Amino acid sequence: MSHNAIAEYALLSDCHSAALVHRAGSVDWLCFPRYDAPSVFARLLDHAAGHWTLAPAGATSIARRYLDGTLVLETTFETTSGHLTLTDALAVGPNERGHELGARSPHALLRRAECTAGSVELEMLFAPKPDYGQAEPVLREVSGGVLVSGDAAPLLLSSAGPHGMADGCARTRVTLRAGESRAFALQYRPEREDGCWTAEEIDERLAETVAAWQSWSELHQRYDGPWCELVHTSGRVLQGLTYQPTGAIVAAPTTSLPETIGGTRNWDYRYTWVRDASLTLEALWVAACPDEARQFFDFLAGTALRQLREEGDLQIMFGIGGERDLSERELPHLSGWRDSRPVRVGNAAWNQRQIDVYGELLSAVHRLREQVGTLNPETATFLIDVADAALDRWREPDQGIWEIRGPARHFLHSKLMCWVALDRAIDLAEPIGADDDRVRRWHEAREEIRREILAQGWSERASAFTQTFGDDALDASTLLIPIVGFLPGDDPRVRATVDAIAERLTDSRGLVFRYRAEDGLDGEEGSFLLCTFWLAQALALGGDVPRAREVFERAAGFANDLGLLAEEADGATGELLGNFPQAFSHVGLVNAAWAISQAETGRAAPASEPLR
């Protein structure tokens, strides 16, 4: 069983895969060579599922930070006899700078320990358990390290020995004095015959990784408004959740971190949702100027164009390589984080209908039209088909943004985003090559959707826009009505909806729930940080900047010491819950900070020009 708090972890990324490192020096989650590959270490989900711990004996205090402009982690340990600095990174390729970040990942986890004062006794315990803890690896000491073979993932640990070898683990212990260091690297090497890396080679690759991230940040990050450091960190996190070979963006790098402790709402988020990825790209417009956005749209067009034409629906999510079948299964041998079972891989939501995705996708293209530039013919055709799908499907029920596993319903948010799809497509008509007759039909459908939302989405009894047509239940997604420009933020109906959500859809800490209506699933969930940031953004768009700032600070206050956010926060304890770090939460933070900064400078709506 794993007990460590989610907030105790840090993210490492090479834009191919991700690792989570506990503040005490243990790598408790690592998937090689992709985000969605079976884990090498999974102690995050079960104590017996593998880890790699590197730390001094008897630490009395621990502090950590990301090196400026990077996702390279530096942890400082103090002991009674000395100080040790541990630097961790997932390596990127040599000479990668700016847009090339992650292009030639060597699939290697780098760790460097240096004694900076006195002396420390450094302990290393390497305990791989590949395939989500199911494989029994064979470890063998080789020149310069340890080779992992058998049915497990092909791994090579660069580590100056000797090592104690027992029970599928390798151990070593060494005393370091001020100025002395040891370097380690874990390589995924299915087809490579080269040997272990020397300490000098590891140091060089670590320096290259720092330089690559800093180059990317210097090129991309221009935001200088309020909460600048949090926004920039969020931008790097969102980039760190991007799969460089295709431009796909994972919703989170983890699976099955629960929405409530001991609950069953435990999902695999290591895939690219069209919605999440599109919203991430829009947030990167603020936090990082995503010049790589075109790659994602081309990836999606190549993956989904034929399916959209043949089946009439856009699949809501894909594997990061374009895989369509993401069938869900359970791993009963894993106890789950704090006994939160089941642990799942795959996600059954892949075959749901969610018609809102058309709007998020076209909104992202519209926002990023300057970065995208001239579209290739296949992508332009795909975007026309996306708008036509919104026109054809908007009257139909679906499972909605929250992927409710029950009968399809007429969700207001889904209709709203179909309105967005047509609104943005009309403005994009020339660059995507839409003819006049098609644009005329888009205009007519957009106005029809608007009338239906205003007539059926508003409840006099609830004094608010509601979750579904003809219902009174509140839903945080209605906060997007002013955010997407359907109604102005100071419209009386918008203000009433904002007030209703703030009063009746929040927990004791003032964090916003997605909804409180029956959803066909067992158990409950915590409040959603994304929804709380939406509340802050809507308040800013309505001109109530003091309240917007208060709500923003409340949500941002749940970021850990590195600025990382999970999906949810427990209303009673404030503990982070859900997959981590969560792209949606960081998207919400970026967009709310931007809206507040615009409101404070007298511009209540998002600017039309990118930050340059």
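The structure is a predicted model, in which local features require pLDDT of at least 70 and side-chain atom pairs count only at pLDDT 80 or more, whereas totals for chains, interfaces and linings use all residues. Residues are numbered from 1 along each chain as its sequence is written, and side-chain values use heavy atoms, with hydrogens and water left out. Helices (H or I, at least four residues) and strands (E, at least two) are DSSP runs numbered from the N terminus. Helix α4 is mostly covered, 14 of its 14 residues being buried, where buried denotes under 20% relative accessible area, exposed over 50%, and partly exposed the range in between (1.4 Å probe, protein chains only). The helix is followed by C289, whose phi is positive, near 50 degrees.

Strand β15 (residues 181-188) has seven of its eight residues buried, and is therefore largely enclosed by the rest of the structure. Two strands are considered paired if DSSP finds at least two bridges between them. Strand β15 pairs with β9 in the antiparallel sense over seven bridges, with A108 standing opposite Q187 of β15. Antiparallel pairing also joins β15 to strand β12 (residues 155-158), here over four bridges, and the bridge partner of L155 in β15 is Y188.

Side chains of opposite charge can pair when their charged atoms come close. With a salt bridge defined as a side-chain nitrogen of Lys or Arg within 4 Å of a carboxyl oxygen of Asp or Glu, a search of the whole structure finds 43. In one of these, the closest N and O atoms of R43 and D28 are 3.2 Å apart; the pair links distant parts of the chain, R43 lying in the loop between β4 (39-41) and β5 (51-56) and D28 in strand β3 (residues 26-31), 15 residues apart. Both R43 and D28 are buried. A salt bridge also forms between D88 and R111, whose closest N and O atoms are 2.8 Å apart; because D88 lies in strand β8 (residues 82-90) and R111 in strand β9 (residues 108-127), the pair ties together parts that are 23 residues apart in sequence. D88 counts as buried at 0% relative accessibility, and R111 likewise counts as buried at 0%.

The side chains of R353 and D313 meet in a salt bridge with an N to O distance of 2.7 Å. Since R353 lies in the loop between β21 (344-345) and α6 (357-367) and D313 in the loop between α5 (293-311) and β19 (317-318), this pair ties together parts that are 40 residues apart in sequence. R353 counts as partly exposed, at 25% relative accessibility. Elsewhere, salt bridges that share partners join E8, R23, R64 and D561 into one network.

Threonine T172 is located in strand β14 (residues 169-177) and is buried, with a relative accessible area of 13%. The side chain of T172 reaches the backbone oxygen of P162 at 3.1 Å. When neighbours within four places in sequence are left aside, T172 is in contact (heavy atoms within 4.5 Å) with L122, E123, M124, S159, A160, P162 and H163.

Definitions and conventions
Polar contact = N/O pair within 3.5 Å; in protein donor to acceptor, adjacent residues only side chain to side chain.
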